[in-house]
Amino acid sequence: MPFPRNTYRAMRLAGLAVAGAMLAGCNTIVMNPYGDIAKQQADLIIQSVLLMLLIIVPVMILIVVFAWRYRASNEDATYTPDWDHSTRLELVIWGVPLLIIIALGAITWISTHKLDPYRPLDRIDAQRGLPANVKPLVVDVVAMDWKWLFVYPEQGIATVNELAAPVDRPIQFRITASTVMNAFYVPALAGMVYAMPGMETQLHAVINKAGVYDGLSANYSGAGFSGMRFKFLGQSDADFAKWVEANRQAGQTLDRQAYLQLDKPSENEPVRRYASVEKGLYEAALNRCVDSSKMCTSQMMSIDAAGGAGKGSVEGTREKHSSWSGGKKTVVAALCTPANPTGETK
């Protein structure tokens with residue numbers, strides 16, 4: 001039995017209201033961010049879409065116009081079955097898209113250099129340049145399974161799953177990972193940047209409005225990926241100083257042993273605070289040698305640069321890293337056995 005007309009209209013209005021309510025709850029932070037870098041990236045998306053719509057919209061309109069004008073029942077439409085070429089039409093069809101592609105290429109070229117995540121900031125926002133006496137806040141980021149470690153080398157503190165920075169102060173992120181590749185992403189602040197083990201990526205950004213923003217991993221990294229989230233706190237200078245002091249009073253120390261325990265896979269980790277951090281810990285994490293029994297990747301690269309220990313170069317490395325003591329020659333244990341009593345290597 002069909003619905004009465006008034007009932008059908010009421011159902012349509014109710015459906016539209018529900019859909020509007022659902023859309024109103026959508027998080028539009030990606031296109032309405034509070035950081036200058038993210039804002040420029042959002043503007044780039046809008047500019048690119050508008051340029052492409054210059055082609056898409058006319059084409060969609062012409063599809064409808066041509067279908068209606070040249071329908072079978074329209075006997076007034078011009079019928080030219082032998083028509084095959086129009087210079088004017090060809091110029092429009094190829095010329096306009098070519099101009100749009102050139103414009104997109106120019107915008108992309110400029111923005112690729114201007115928004116390079118490794119490039120230090122030259123402004124606070126569109127209206128304010130960067131003051132000469134302002135230094136960036138350095139934050140070392142380590143992506144773990146499945147949590148985020150943030151180390152503040154200048155303040156000597158560290159946190160897990162909580163990040164803070166003063167408003168209108170440039171931030172320099174140095175990013176790495178302890179196990180698999182991940183992606184550091186705070187939509188309100190800037191675009192995502194990969195975190196890779198044994199490598200360091202960088203991101204320069206600034207937050208222009210105080211608030212609490214979501215941060216997350218944007219690259220699938222295993223079972224606990226969905227819970228690999230953190231809060232980013234945009235604070236005034238005074239509030240940031242209080243936040244740093246509160247972390248210093250937490251009483252815990254992040255040394256190598258604590259790092260190795262923290263690095264074990266765990267899911268949905270609560271916020272942790274460390275009052276002090278062992279010197280050189282981030283560099284050890286970057287070089288994958290927090291466990292002091294392992295050789296750092298920087299040492300491996302140094303050995304490779306000196307001749308290497310790979311195929312065909314073991315002898316050369318053995319000689320370069322050997323030593324004499326008491327008339328006997330010893331060599332690195334990692335490459336061969338110790339010298340025998342006669343002074344000859346085995």
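Glutamate 269 sits in the loop between helix H5 (256-262) and strand S12 (272-274). The model is predicted. With a relative accessible area of 16%, glutamate 269 falls under the 20% cut-off, so it is buried.

**Glutamate 269**
- The side chain of glutamate 269 makes a polar contact of 2.8 Å with the side chain of serine 266.
- Leaving aside residues up to four places away in sequence, glutamate 269 touches Lys147 and Asn161.

**The open sheet**
- Five strands make up an open sheet, in the order S4-S10-S9-S6-S7. Their pairing is mixed.
- The edges are strand S4 (162-166) and strand S7 (190-195). Each has a single partner strand, so one side of each lacks a neighbour in the sheet.
- From one strand to the next, the twist averages 20°.
- Six bridges join strand S9 (residues 211-217) to strand S10 (residues 229-235), and the pair is antiparallel.
- Opposite phenylalanine 230 in S10 stands glycine 215.

**Helix H4**
- Helix H4 (residues 237-248) packs on this sheet and touches S4 and S10. The direction of H4 makes about 140° with that of S4.
- H4 has 12 residues. From first C-alpha to last, H4 reaches 17 Å, close to the 16 Å expected at 1.5 Å a residue.
- The buried residues in H4 are Phe240, Trp243, Val244 and Asn247.
- Seen down the helix axis, the buried residues of H4 fall within an arc of 100°, so they line one face.
- The general rule is that an α-helix has 3.6 residues a turn, so residues three or four places apart point the same way.
- The cover over the buried residues of H4 includes strand S1 (137-144), strand S2 (147-152) and strand S3 (157-160). S4, S10 and S12 also contribute to that cover.

**Strand S5**
- In strand S5 (residues 171-177), six of the seven residues are buried, so the strand is largely enclosed by the rest of the structure.
- S1 and S5 run parallel, joined by seven bridges. In this pairing, valine 141 stands opposite isoleucine 175 in S5.
- S5 also pairs with strand S8 (residues 201-205), in the antiparallel sense and over five bridges. Here isoleucine 171 stands opposite alanine 205 in S8.

Terms used:
Residues numbered from 1 in each chain as written. Predicted model: local features only at pLDDT ≥ 70, side-chain atom pairs only at ≥ 80, totals over all residues. Heavy atoms only, no water. Pairing = 2+ DSSP bridges. Helix = DSSP H or I, 4+ residues; strand = E, 2+ residues; numbered from the N terminus. Axes fitted to C-alpha atoms, helices over the stretch in contact; angles between N-to-C directions. Contact = heavy atoms within 4.5 Å. Buried < 20%, exposed > 50% of the residue type's maximum accessible area, 1.4 Å probe, protein only. Polar contact = N/O pair within 3.5 Å; in protein donor to acceptor, adjacent residues only side chain to side chain. Expected span 1.5 Å × (residues − 1). Arc of directions from axis to C-beta.
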